[in-house]
Amino acid sequence: MTFEIDINGRTRTVAIEKTVGGKYRVSLDGQLHEINAARVGVYGLSLLDGQAGISREVQVTPGTTRGELLVSLSGRTIAATVNGRRTGRAGVDAGGGDGEQTVVAPMPGRVVRVLVAAGDEVAVRQGVVVVEAMKMENELRAPRAGKVKEINVTPGTLVEAGRVLLVIE
Amino acid sequence: MKILIANRGEIAVRIIRACREMEIPAVAVYSDCDRDARHVREADQAVHIGPSPAAQSYLRIEGIIEAARRTGADAIHPGYGFLAENAVFARACRDAGLTFIGPSPEAIGLMGSKTAAREAAIRAGVPVVPGLEQPFAADASAAEIAAAGAGVGYPLVVKAVAGGGGKGMRTVEKPEELLPAIRTARSEAGSAFGDSAVYLERRIINPRHIEIQLLGDHHGTVIPFVERECSIQRRHQKVVEESPSIAVDPGLRRRIAAAAASVARSVGYTNAGTIEFLLDESGAFYFLEMNTRLQVEHPVTEMVTSVDLVQWQIRIVRGERLDIDPERALSPHGHAIECRIYAEDPDLGFMPSPGLVRGLRPASGPGIRDDGGVGVGYTVPVFYDSLIAKLVAWGGSRPEAVSRMRRALREYQVLGIRTTIPFFLWLMRQPEYSAGEYDTTYLDRLLASRRESFNELDADDEDLAAIAAGLDAYLRASAAAAGQGTPESAALWKHAARREALRG
């Protein structure tokens, strides 16, 4: 069975073939791994890789947005999607990029202040909207330099995660 | 005695533990979204007190007093946050014939006002940070504010009179930044504390945040403890605390402890409290404020002194005498470090990351203490502070404690939501942190220049992460095909099969 895994900004091809006794022949982008895998609880996998038996406990759980998986090992957690079920994560630090960009509420909260007006020129990482959530004011920043095309919220607006607050072109 | 805990999360669990050890029944209170919270499940009794927003539940004084009456509780522990430093609440408990486990309403009222507390410190002969003695009037003109700022001198700090936890606080470098900073601080203070009054203090250059834990009984004894160092702060919020401080030698420790005890004695302080100081590079220290409650970071003091502060809070209100050896309280055994694990995504600027906790395996083993507040199956709500656990590591020396903390952070699993664990793993590897060379500005400076993810994996681990995601999908698909799957895994199976077919 073959899967395409989007992980850490790369698409990896993982082909899996069961051999015997919890062992799997796994091809990762054509590179072969002999993996001994054991299920641990609902989300855990104990992996032993190769003759050396490199041991990692990996947890694969559904993430906070639809289609996203969270993969945890060695104390770190990275997002992954299987077979293109990608939703992308809304972010304040989404980085630059051309074209229209949106500033999206990363979680439910209340808009406290809007720091720009439609038509304003903004610099990259300039604060544009302040959202209060969990008692803290969080300043959301412009993902790129540009002109504020539209603003969809006013102070006091309650927003859900994923709501587009403003658009920069 | 029966104690009602007017709080939630990890601190409610911590207090329940003390009650159990003392064989005192513990009553929890909960809001709508906390029905299945850990503190409710671990208490002896639990009472619903209202809807999820704190103003309608954990902050509603009448509801909490009524819950105590209904369950026959005769004492209330407020924890920290919520009503812990609310003199009106402490007085309402007293009026209802309930014992408030904390200082008197008068002491809370006096020390809760930052400007009044400064005056008390000055009267006790303890140095304070230079600044305004009075908050600004709500209608203070721009000219008045500018003149006050110039009088205090730049850089300065705007602070909420009712503040705490870094809320309603802004650092101002230049005169033109003062007005906007006051506006933000007022709005934050107004929504967090219901009091938007702010004042100014000069900013001490490269200060360390040093604080002294105290206990006072009802027989005139006040005992100060070895200092805690809380200089690792993000936007004025403590994220790592330790005891003792690497910057404090035994002579300085005695001087700061004596200053703290004299402020507490001068106001007749009882129960647990903490006096915060700034320590500058020359070793001079300045009174900052007093917290009239149990602190979040109290476990590090407990770990190096073997004193149970929460049990003592209860013993003090019962009228017991403090019989702790004052020398022992000032002589730390080993070193303890606490990391505050928040449901926040460090890769998204520490945005809150509420959601369903699908798995939980706290760290354990030698020298580790986990003050956790959530359980598996609980949905971390959006309504409250996002602290989900405090991880404390003890070692015979500071380097030993740091090594243990790194080990414990790797062990700690919280599944389903993002947490600050990867950030702490990174911080514990920073050379300045390991060397103890930091001040309260260190972390913000370091984070300002950082762009990389805290969840960076090495190439081998990244390969195994991809393999694990693939194997997970494979195993779920196989289970679904064998008729043992959930609808979720069945969907994934169909998707995978379709994909396979397209591949030919």
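This is a predicted model: local features need pLDDT of at least 70, side-chain atom pairs count only at pLDDT 80 or more; totals for chains, interfaces and linings use all residues.
Residues are numbered from 1 along each chain as its sequence is written, chains are lettered from A in the order in which they are written, and side-chain values use heavy atoms, with hydrogens and water left out.

A nonpolar core is a set of buried Ala, Val, Leu, Ile, Met, Phe, Trp, Tyr and Cys residues joined through side-chain atoms within 4.5 Å, where buried denotes under 20% relative accessible area, exposed over 50% and partly exposed the range in between (1.4 Å probe, protein chains only). In the largest such core, which holds 68 residues, the members touching the most others are L4(B), F89(B), V240(B) and F423(B). Helix 14 (residues 421-427) of chain B supplies the largest share of this core, six residues. The core lies between domain 1 (3-101) and domain 3 (208-448) of chain B, because both give residues to it; domain bounds come from an automatic or database domain assignment. Another core, of 34 residues, lies apart from it and includes M22(B), A28(B), I101(B) and L294(B).

Helices (H or I, at least four residues) and strands (E, at least two) are DSSP runs, numbered from the N terminus. T301(B) is placed in helix 10 (residues 298-305) of chain B and counts as buried because its relative accessibility is 0%. Not counting residues up to four places away in sequence, T301(B) touches Q213(B), F225(B), R228(B), S306(B) and L309(B).

Chain A presents zero helices and 16 strands. Of its 169 residues, 46% count as buried. Among contacts in chain A between residues at least 6 apart in sequence, 38% join residues at least 24 apart. Chain A is divided into domain 1 (2-82) and domain 2 (101-168), and the C-alpha centres of these two domains of chain A lie 37 Å apart.

Technical notes. Contact means heavy atoms within 4.5 Å.
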